[in-house]
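Visitor: Please pick one spot in this model and take me through it closely, with the cut-offs spelled out as you go. I would then like to see how it sits beside the rest.

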Amino acid sequence: MNGKTYVINAKAEYDEVEAVQVSGDIVTRAEWIQTLVDAMGYSEHVVEYDEDELPYTDIQEHENLNAILLAYANGFIPENGETEFNPDESATREFAATTSVLALGFVPIQDVVCDDVNEITYKQEVETAVAMDIFRLDNNKFYPTRELSQSEADAAIDGIKGIVDSEKIDESYESDIEYKEGVIELPEDCTYSVDGNRIFLDDQNMAEKLSEGTILVLPDQTPYKLISVTSEDGKYIVETEVPEIEETVDSIDVQGYGTMDMSGFIPAEGVTLVNTYSRAARGNIADASGSLGGPGEIKFDLKKSLGDGELFGTFKIDLPKVLYKADVDLGWSGFDVNNVYLKLPAEIEIDGGFKFYQNDGNFGRPWEPKGGIFELGKVPVTGVPGATVYVQVAIYYSVEGRVHMVYKLDGTTGIQVLNNRLRMIDDLNSKLELPELEASAKIGPRVAGLLEICNRWDLIDFNASVGAGFTGTASVPNLNLFCLDANIYMYGEISALQEGVVGDWLDIGYTWEFWSKDNSPLKKNWHFENLLKVDECTATSKGTIKGMVAKADDRSAAIKNATVTVYDKGNYNEVASDKTDANGNYEIKVKEGEYVVIITADGYISFECDVKVVANEEQYIQTFLLIDEENLGIYGVAEGTIKNAVTGSVISDVQMSFRKGWNKQDGDVVLTTKTDSNGKYQVDLPVGNYTAHMEKAGYVSNTLNIIVLPVSVMQQNGALVPTGDGLPEGDLRIVLTWGSSPSDLDSHLVGPAADGNGYFHIYYSNKQYSYNSTKYADLDLDDTSSYGPETTTIYKKTENGTYSFYVHDYSNRGYSSSTAMSASGAIVEVYVDGQFYAGYPVPTGKQGTYWHVFDYNPTENTITPVNEFKDGITYGASQRARMSTEVQFDMNK
């Protein structure tokens, strides 16, 4: 090299790390999480969740509930969509390794290499755990499914505590920066001045040592790379440029506490402070008045016009100390980042929010999202020479409508690169109140930290935004009441290594959303009336949306962990959401109104369905059928027959209009067709879920939810009720339809006898009930060969009791554990006054052959959905006679 010959002899030695000997009791998942939370120092934190917002269904009464919630909220537990945590099951080595890495905030970078790698799900997290000596390989195997023993848990916790301890600062530590051979350090007694990239020297001996390419470090530890040296009037003029850190520094070994130098506060554009040192320091600016208190205390009274609104409130940020450490080697073989971190212990208080300007007391237009960052300024941190820290403060806002919030947050946030591995440092605790709200918002502080070496190089950098957010739906149930249902949560995000040289060396830059609406440590559903929080809405009660999500080609195959999200149909704000359980079931409570439900699941095509919710009623939704996403964009086929609901005859020339989604009454029509002379239709559409709107003169218009698959595997039939057939005004017609199996479902109507003595029962063997030559009810049509329709009509009501409608699975009579009817896709539709009133899909995933669909109160003219599977048919509220003992079956049916 450069004309010289070098001989390099190298000897590599290593110690084989022994695996931890397995001993002691087996540790459960909950026990491990509790131990991990304790080791991370989170035990004193409290997580607030409403009962219906708990992330798992099996932890509510568990003794380690708070630890599990803390782990979930802080991202310790991998997101795998499971609705059960199984707290008392044995923890596995992979579970412990993965949660350790997530708890420590490491950013995994590569898969583990071992003999049983194919048995590992979280390969990169396991690799990090092994690399950081939290877990060890045993004969080049990890044994991911092996139960975690107490000895392995103890060893892992020791490793975790060692990493946490690496954040500690030694106040007596002598920091130092070693420069490369050949770098010249200017003595402190040497006279010099600096003007931009020019250095002026008086010392001739020093000037003669300098040549092109020499790196000169001034007493303040700022390095310069020489371009040329000239003399003029007895002074030496040194032209320079900024050197690279790799050619200047051999090693960096600095650490310490920095304090906020409030006298050096650098205000953002538009922010002016007239006195930055005295206790009465105040700022007179157009948008905010600010004060600088003790070390690290910044307080702003803000009133900032932003677009059509105003950001307002009091913002106080207290950063008493900033912790930093840098231990980096830059040798001939490259760089080695042993330990570099920047940590900001902070206390933040906010009392403020955002509001739109009003016109004559009213909002003159729909609310539109607004958002951005309002910079306040940055503060230098005094510390060890050669290492400078800047802290930037700002307010982050993203709002719709008006919001006013009060919250306090304290803890620590920052980043660390340990042994060339990036990890996020996050130990935050928060309390929140939201006294008034309209629509949705996210408002909070934004704090940025930058560690600068030798006044030249940004070694590491990060930005942190934390705060409160909510989504909500507003309504005005009467002139005197403004209601808002709000989903409250905390948000937090750190972005790191976007600008510093460590990010360039390691080729990583990372953004980590450590709190979101899904895993916030605070998740509440609050109700506001006239901008005041109340326990429950005084204007309307809630109804329930419930149902099941299953595979399109097999409605008995439940899909667990599907996400069912409910949006207000008027403004499309999210109202509530739920995950399906192991049986594919979900249940969501919302106030009365019209909604759009969107169903998503990994590996399936998502779709939406319109739902109308009635207060105090359960709205059981037709089973959502999801199609494998590998069929996305493929055209498929749907076909079926449309029949007269009263006579069972086919109906030709029915106009059918198709829209994307289910229960859609409006929106774009994607295809139209007509039934042929045999009442049949067939359509070719992209695979998915559609609503078919059916209409023909002389019939009540109706809709049919269909599914389009790559290959038609089912008949999707519909029925229309004829108009003008003599049905008296105010009475009911009930139409039952279903799929191909079972072949025979029977309609049963039980109602009060006209003479007030007991109940009548209409079904296939007793198709009509009459009294004194007057027909009160009958079974107009009985179907025994699949699909239906079966139609039951109440021609004349008696008001001395309650009617009940049931469906019986005749095909599987005697098999009480049968699920055939539950999987049949049956729907009962009710028509009142010749108009469609409601549809009741059969509950899916149930056992039994008797389905109690609804009760009808003729006095109040109200229908109450029941939608439950029963042991038999009940004759009235006080009589418990069952069908099995009252009815003689027709064995030849």
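Guide: Strands here are DSSP runs of E with at least two residues, helices are runs of H or I with at least four, and both are numbered from the N terminus. Thr791 lies in one of these strands, S48, which spans residues 790–794. This is a predicted model, where local features need pLDDT of at least 70 and side-chain atom pairs count only at pLDDT 80 or more, while totals for chains, interfaces and linings use all residues. Residues are numbered from 1 along each chain as its sequence is written, and side-chain values use heavy atoms, with hydrogens and water left out.

Thr791 has a relative accessible area of 0%, so Thr791 is buried (under 20% relative accessible area, 1.4 Å probe, protein chains only). Leaving aside residues up to four places away in sequence, Thr791 is in contact (heavy atoms within 4.5 Å) with Ala645 and Val646, with Arg733, Ile734 and Val735, and with Asp778, Leu779, Asp780 and Leu781.

Now for the wider chain. Eight helices and 53 strands make up its list of elements. Of its 893 residues, 52% count as buried. Among contacts between residues at least 6 apart in sequence, 66% join residues at least 24 apart. The chain exposes about 40400 Å², with carbon and sulfur atoms supplying 42% of that area (Shrake-Rupley method with a 1.4 Å probe). That is the setting for Thr791 in strand S48.

Terms used: Buried means under 20% relative accessible area, exposed over 50%, partly exposed in between (1.4 Å probe, protein chains only).
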